[in-house]
2 protein chains.
Amino acid sequence: MTPPVVVRALGSALLLLGLGLCLPTAAARKTTEPPEWTVPKEDTDSPYGSLWPLPQTVRFDGECYRLNQGRFQILHSSTSTATVGCGILDDAFRRYFGYIFSSSYRTTHRRPVSSGPEDKEKSAPVPEMLQLQVTVTWKDPECDKYPSVTSNEAYEIHVSKLGATLKAETVWGALRGLETFSQLVYEDDYDTHLINKTDIIDFPRFTHRGILIDSSRHYLPVEVILQTLDAMSFNKFNVLHWHIVDDQSFPYQSITFPELSQQGAYHPVTHIYTASDVKEIIEYARLRGVRVIPEFDTPGHTQSWGKGQADLLTQCYNGEEPSRTFGPVNPAVNTTFGFMTKLFKEISRTFPDDYIHLGGDEVDFSCWRSNPTVKQFMESHGFGTDYRKLESFYIQSVLDIVSANRKGYMIWQEVFDNGVKLKLDTIVHVWKGNTAQYQKELATATAAGFHVLISSPWYLNRIAYGQDWQQIYKVEPRNFTGTAAQKKLVIGGEACLWGEYVDGTNLTPRLWPRASAVGERLWSQENVTVLGDAYSRLTKHRCRMIRRGIPAEPMFVGHCAYEYKG
Amino acid sequence: MTPPVVVRALGSALLLLGLGLCLPTAAARKTTEPPEWTVPKEDTDSPYGSLWPLPQTVRFDGECYRLNQGRFQILHSSTSTATVGCGILDDAFRRYFGYIFSSSYRTTHRRPVSSGPEDKEKSAPVPEMLQLQVTVTWKDPECDKYPSVTSNEAYEIHVSKLGATLKAETVWGALRGLETFSQLVYEDDYDTHLINKTDIIDFPRFTHRGILIDSSRHYLPVEVILQTLDAMSFNKFNVLHWHIVDDQSFPYQSITFPELSQQGAYHPVTHIYTASDVKEIIEYARLRGVRVIPEFDTPGHTQSWGKGQADLLTQCYNGEEPSRTFGPVNPAVNTTFGFMTKLFKEISRTFPDDYIHLGGDEVDFSCWRSNPTVKQFMESHGFGTDYRKLESFYIQSVLDIVSANRKGYMIWQEVFDNGVKLKLDTIVHVWKGNTAQYQKELATATAAGFHVLISSPWYLNRIAYGQDWQQIYKVEPRNFTGTAAQKKLVIGGEACLWGEYVDGTNLTPRLWPRASAVGERLWSQENVTVLGDAYSRLTKHRCRMIRRGIPAEPMFVGHCAYEYKG
């Protein structure tokens with residue numbers, strides 16, 4: 001990825017141009033540094049308007065242009081390698097056209113009657129902006145590809161009296177740019193759509209910006225997952241980490257092993273994801289530049305697997321007698337690996353992403369310890385009584401299976417902590433501990449040369465009264481002791497919404513706009529940390545999400561021009 | 001109110017009758033005491049099925065009957081004083097018919113194929129239940145009245161092969177009984193609607209069972225309030241405490257003082273409650289047996305009032321100079337009371353309930369202290385420097401105004417704490433403090449002879465991770481030091497959902513089913529306290545709410561036959 005040159009110095013002289021032509025919205029003002037507000041105030045606008053996450057560089061100008069719904073067009077430029085027929089962009093053009101004209105941020109502040117456009121027009125007419133020309137520059141615009149960890153999401157936007165242009169190397173950058181462009185358009189008191197003269201050069205700080213959803217503790221209807229993907233695209237997230245199965249239920253319908261969901265789902269018909277559902281979700285995500293990484297967590301967290309696959313789980317024993325409970329996947333029998341080989345072959349075909357999340361967290365050894373076959377296996381392999389060696393044996397076998405399918409893998413930190421031999425392209429997912437503890441883990445895992453993802457401070461299922469978005473926002477993923485090279489190995493993070501207390505009734509308002517705070521942390525510059533400025537932009541962004549159909553909950557007292565009515 | 005005789009002893013012999021005719025759902029079993037579960041288990045059914053809140057007495061029998069949607073009727077019995085044309089019941093009959101056939105609780109447990117109805121029919125046919133006959137016995141069934149603090153909500157239900165009957169003194173009891181009847185009907189695996197032989201005698205333990213909503217910190221769309229009223233009726237709540245205005249906004253559109261919302265609402269057109277909105281909400285509530293008690297909180301919490309009513313608020317001073325801030329309502333000028341007289345006259349007409357909540361909480365004296373006119377007023381009235389005397393003077397004046405409109409009043413506890421002289425029918429609303437503190441307040445206020453409402457432990461806006469419904473449920477409103485007569489003065493309580501972090505996006509899942517825990521505490525017998533049994537019934541009741549369109553959030557892992565799709 002080659003980020004464009006960053007222009008951060010801003011000509012303050014530009015600020016004076018054209019003032020008086022446009023409504024004095026936040027978008028029409030600019031300061032080099034956002035003001036230091038520690039107590040958020042709704043009435044104190046950010047100079048960056050409603051932009052979220054904040055682009056790497058923004059230059060605003062007081063001059064602005066009108067957009068007319070009947071005439072405005074978003075189209076491929078003549079020099080673009082993407083043309084009509086590039087489905088991902090054609091779909092995005094239509095989608096963002098709709099957002100621009102039905103759900104732009106509407107100023108909610110009352111203005112003196114004298115500031116209406118009539119008065120302004122007396123002084124000078126506001127010119128019209130007729131087009132946004134989109135240019136993709138790479139030879140292969142990737143119209144039919146899937147986004148990947150190496151996708152280039154950089155883009156540039158230039159809005160001037162000459163027109164509006166969006167330029168990106170691939171469709172992935174174009175998608176991000178379209179979201180930003182839609183955030184630049186605002187409505188005045190007379191419903192006129194306006195956009196200011198603007199220059200934006202933008203790219204993400206981190207390449208992996210994920211949301212974890214959990215469809216095992218509660219089944220999440222497909223509609224809810226699609227809504228999540230919409231909201232993700234509004235916040236420039238690019239990975240849906242789909243924790244699809246767990247102890248409680250197995251909603252993934254496997255073609256190879258249909259009994260898994262037949263027996264392991266909450267309901268074998270209504271509470272499953274069919275091949276067609278999975279395909280729909282992956283395509284919906286692709287069209288929004290979002291990767292779908294499934295997690296099939298083993299050897300623990302697999303109680304639901306055992307219902308449809310005999311002899312997969314370890315039979316636990318009470319002394320000499322088999323008890324009525326089962327433990328983790330049984331690594332002491334060959335059938336286990338035959339099963340895993342077939343299952344992961346199917347999963348590797350079903351999910352096009354280069355990565356699979358293999359879980360590996362919270363393996364309880366007590367059941368393994370009780371089982372005579374497992375004990376015998378330990379002896380014959382010379383593992384002594386170190387069950388971490390058995391865990392390693394199991395995980396390494398699964399990693400080999402997945403590697404054979406030419407997939408990379410992500411694993412929860414315990415796999416690394418327990419000394420499992422991992423390929424160097426493994427991504428270690430850090431989820432445990434308080435700040436000091438996860439920072440230590442980041443240091444250790446990167447010192448060992450692994451790429452890491454951070455989630456410990458972003459378990460959004462853990463709710464608390466008040467403005468907890470601030471703590472979420474303050475996290476700095478590279479704040480740990482390590483070399484510059486180590487810091488670079490932090491490729492991003494994920495906001496996790498585990499499902500114990502979450503289903504379709506409350507997922508969306510619980511996730512947004514709290515996850516938006518993670519979104520900006522992972523996209524914007526490291527020094528974008530002023531809470532007051534973030535609050536001002538995010539309250540507007542939340543209102544925009546509501547207008548786009550996302551019931552994002554309020555951050556504090558206040559209102560949106562258009563409220564969610566349920 | 002004359003509660004019917006309570007029959008609590010249950011003939012266990014009845015349990016054996018007819019077993020095998022019906023599906024073995026929880027509703028078909030009965031034990032005298034619910035099992036002691038401390039760790040809720042989804043799979044362990046309550047003997048009381050999905051009943052919520054639990055009626056005072058329930059007798060189930062294994063015999064059951066089928067309901068056919070094409071033939072079943074809910075109708076006025078020939079001896080009922082209410083007949084066709086009693087709008088409140090005609091409306092309720094249709095509503096509950098819909099609930100019974102579209103959203104009965106559906107068993108989610110899988111059963112062996114051999115337990116299907118075909119097999120059963122081989123042994124004996126399940127008879128059909130054709131009617132629910134509803135009898136209202138009082139001379140005035142109150143079809144066109146509003147519910148009040150003295151409304152009788154008692155009812156009896158008898159379901160046997162002779163038919164199903166619901167008997168109540170007034171329509172208010174009939175409404176509660178219809179809800180219970182709808183909770184008795186369940187679906188088997190073949191979608192057959194069934195009801196067991198049942199006898200229920202029921203009445204509320206507390207007369208005031210309220211939900212507080214706050215439409216000032218965020219505007220709540222009318223749709224959201226109506227949805228809340230629906231959910232309230234499903235949980236047998238009977239008071240909507242509408243905290244309609246506060247510092248942040250004044251959405252109530254006053255006919256007498258239209259500037260209040262014109263200037264004080266978040267938006268003068270889209271973010272207000274018109275007279276027609278208020279009327280719709282009150283009528284919707286009446287049809288569900290819910291009183292609407294508005295709160296117009298003064299003299300504090302009134303910043304938004306000042307925008308549309310000049311000189312109402314106290315001008316604060318910095319030394320000798322007026323500052324840019326305003327304090328509570330100014331009690332030192334006569335215009336204040338002229339304004340309040342007119343406003344409360346209008347409010348008294350608009351809201352038919354016998355009570356108005358006058359607020360009176362959290363009055364900050366610092367602004368009063370700074371204002372020279374107020375200081376002069378204090379001197380001339382001999383108040384010295386005791387601003388509680390000024391507060392009392394103000395409150396007593398407002399109480400007199402409200403009394404003149406023949407309304408009773410509720411006030412937050414500070415008004416009592418500060419020694420304001422109150423009429424003995426005043427309801428003191430206890431909201432402050434931890435358990436020890438609020439129990440002391442309950443003792444003190446009832447010792448002084450006042451009726452009290454409890455809300456301190458039920459501030460549901462204060463969210464926490466996990467199953468916090470258990471703490472909500474464990475509260476015992478009469479657990480304080482006092483005589484039996486004092487205990488009787490506790491007329492109920494309210495679950496409060498203050499609006500700082502709540503609007504239409506998250507109100508419903510945040511309120512339900514957590515408020516349901518309050519609902520049962522205020523309706524059912526004091527000894528209905530077993531968490532496991534409550535968990536089993538409430539998870540089913542939540543699923544039923546979802547089928548009725550209420551996105552009530554999950555209590556823990558699990559699923560509903562019909563999930564909320566957003």
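# Two copies and their contact

Student: By how many degrees must chain B be turned to be laid on chain A?

Tutor: Chain B can be laid on chain A with an RMSD of 0.0 Å and a shift of 0.0 Å along the axis, where copies are superposed by least squares on the C-alpha atoms of residues with pLDDT of at least 70 in both. The two copies are thus related as by a two-fold rotation axis. In chain B the C-alpha nearest that axis belongs to B:Ala464, 2.6 Å from it, and the turn itself is 180 degrees.

Student: What should I know about the model and its numbering before going on?

Tutor: This is a predicted model in which local features need pLDDT of at least 70 and side-chain atom pairs count only at pLDDT 80 or more, while totals for chains, interfaces and linings use all residues. Residues are numbered from 1 along each chain as its sequence is written, chains are lettered from A and ligands numbered from 1 in the order in which they are written, and side-chain values use heavy atoms, with hydrogens and water left out.

Student: What is the area buried between chain B and chain A?

Tutor: The contact (heavy atoms within 4.5 Å) takes 48 residues from chain B and 48 residues from chain A. Buried area is the accessible area, found with a 1.4 Å probe, that two parts lose on being put together, summed over both. Carbon and sulfur atoms give 56% of that area, which comes to about 4,000 Å².

Student: Which residue of chain B forms a salt bridge with A:Glu553?

Tutor: A salt bridge is a side-chain nitrogen of Lys or Arg within 4 Å of a carboxyl oxygen of Asp or Glu, and by this rule there are 4 salt bridges across the interface of chain B and chain A. In the one formed by A:Glu553, the closest N and O atoms are 3.0 Å apart, and the residue on the side of chain B is B:Arg510.

Student: Is B:Thr446 buried or exposed?

Tutor: B:Thr446 is found in helix α13 (residues 435–447) of chain B, helices being DSSP runs of H or I with at least four residues, and strands runs of E with at least two, numbered from the N terminus. Buried means under 20% relative accessible area, exposed over 50%, and partly exposed in between (1.4 Å probe, protein chains only). Because its relative accessibility is 3%, B:Thr446 counts as buried.

Student: Which backbone oxygen does the side chain of B:Thr446 reach at 2.6 Å?

Tutor: A polar atom of the side chain of B:Thr446 lies 3.2 Å from the backbone oxygen of B:Ala443. Not counting residues up to four places away in sequence, B:Thr446 also touches B:Val452, B:Phe480, B:Gln486, B:Leu489 and B:Val490. The backbone oxygen reached at 2.6 Å is that of B:Leu442.

Student: How many residues of helix α17 of chain B are buried?

Tutor: Helix α17 covers residues 514–523 of chain B and is mostly covered. Its buried residues include B:Arg514, B:Glu520 and B:Trp523.

Student: How far apart in space are A:Asn418 and A:Lys389?

Tutor: A:Asn418 lies in the loop between α12 (413–417) and β16 (427–430) of chain A. Leaving aside neighbours within four places in sequence, A:Asn418 is in contact with A:Arg388, A:Glu391 and A:Ser392. A:Asn418 and A:Lys389 are 29 residues apart in sequence, and their C-alpha to C-alpha distance is 8.4 Å.

Conventions:
Polar contact = N/O pair within 3.5 Å; in protein donor to acceptor, adjacent residues only side chain to side chain.
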